[in-house]
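Here is a friendly walk through one structure, with an eye on its surface and its charged pairs. Please keep the 3D view open as you read.

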Amino acid sequence: MKLSVFTVATPELAPEQLAATAKAAGLHGIEWRYTELPADAASQEPSFWGNNRCTIAPSAGMAEVDRFKAAAEANGLANVSVTPYLRAGDLEATEQVLQAAARMNARFIRLGVPRYDRSTTFGELFELGRRYLREASALCGQYGIKGLIETHHVTISASASAAYRLCEGFDPDHIGVLYDPGNMVHEGFENYRMGMELLGPYLAHVHVKNAGWRTDGAEADGSVVWKGEWSGVNRGMVPWRQVMEDLLAVGYDGYLGVEDFSKEHADSPAMLQSFAAYFREWTA
């Protein structure tokens, strides 16, 4: 297996800094965040989803894409993915991401998955998701890039089995699953190896982070409300050594992409060094 970083987790670093830091830590590739920044981002402190300096802005055009691509290549790193926040059904935006990914020689993009918020029935959302993946699969085939759906809470693909149901029957050369055990702490937990076995050829990429649950005490009526929160990679509820054994058992040999939101480390370089040290025994 090889190590990568999704740049949502490294907001204070410019792409050139991130690439040099990733190389120094022993990583092999980069997953570039792709989205417009908030209008007032420049006046804010760096943050994961706000002023993230390691984000490709679509409005900046291919010159921006070329800059990020060059940062990785100058450090001998693969451009693993262009990772946007697509809305299921938006084929125009999907093709724009595919064009950027093709320019970077990236192997993946992340596709949109319908959110589940109780306002629309699962059946309607499932039909939307399947229709979108059918059309996105054809686009991905044209560009030779695999589109991934992520196991993510508050979507209709929170678990491995839900993701499998959504992509079942599509060509696994065009559509795959980004397996994220950290997200599955919040929603969607299933036995790890069983989920991996079910996904089979759709298991295309893995994100590494961790999470746990806490309570602030009892409510006025005596009930207790638990809340999920991010934690350090080796400090949460995901038993990463077990997950790694299960990945090896199913023959997974792709990337492990860190996406640590814990703020456990002083800065992104320290986070990347810690990640690489923890997973080094499993890398090629």
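Trp213 has a relative accessible area of 37% in this predicted model, so Trp213 counts as partly exposed. You will find this residue in strand β9, which covers residues 210-218.

Now to the charged side chains. How many salt bridges are there? The count comes to 11.

| Salt bridge | N to O distance |
|---|---|
| Arg110 and Glu150 | 2.8 Å |
| Asp246 and Arg193 | 2.8 Å |
| Glu264 and Arg235 | 2.6 Å |

Let's begin with Arg110 and Glu150, whose closest N and O atoms are 2.8 Å apart.

The next pair brings in two helices. The side chains of Asp246 and Arg193 meet in a salt bridge at 2.8 Å, N to O. Asp246 sits in helix α8 (residues 240-249) and Arg193 in helix α7 (residues 192-199), so their contact ties together parts of the chain that are 53 residues apart in sequence. Why does Asp246 count as buried? Because its relative accessibility is 4%, and the cut-off for buried is under 20%. Arg193, in contrast, is partly exposed, with a relative accessibility of 32%.

The last pair in the table lies in loops. Glu264 forms a salt bridge with Arg235, and the closest N and O atoms are 2.6 Å apart. Here too, distant parts of the chain are linked: Glu264 is in the loop between β11 (255-258) and α9 (268-279), while Arg235 is in the loop between β10 (224-231) and α8, and the two are 29 residues apart. Glu264 has a relative accessible area of 35%, so this residue is partly exposed. Arg235 reaches 61% and is therefore exposed.

Finally, some salt bridges share partners. Asp180, Lys209 and Glu259 are joined into one network in this way.

Definitions and conventions: Residues numbered from 1 in each chain as written. Predicted model: local features only at pLDDT ≥ 70, side-chain atom pairs only at ≥ 80, totals over all residues. Heavy atoms only, no water. Helix = DSSP H or I, 4+ residues; strand = E, 2+ residues; numbered from the N terminus. Buried < 20%, exposed > 50% of the residue type's maximum accessible area, 1.4 Å probe, protein only. Salt bridge = Lys/Arg side-chain N within 4 Å of Asp/Glu carboxyl O.
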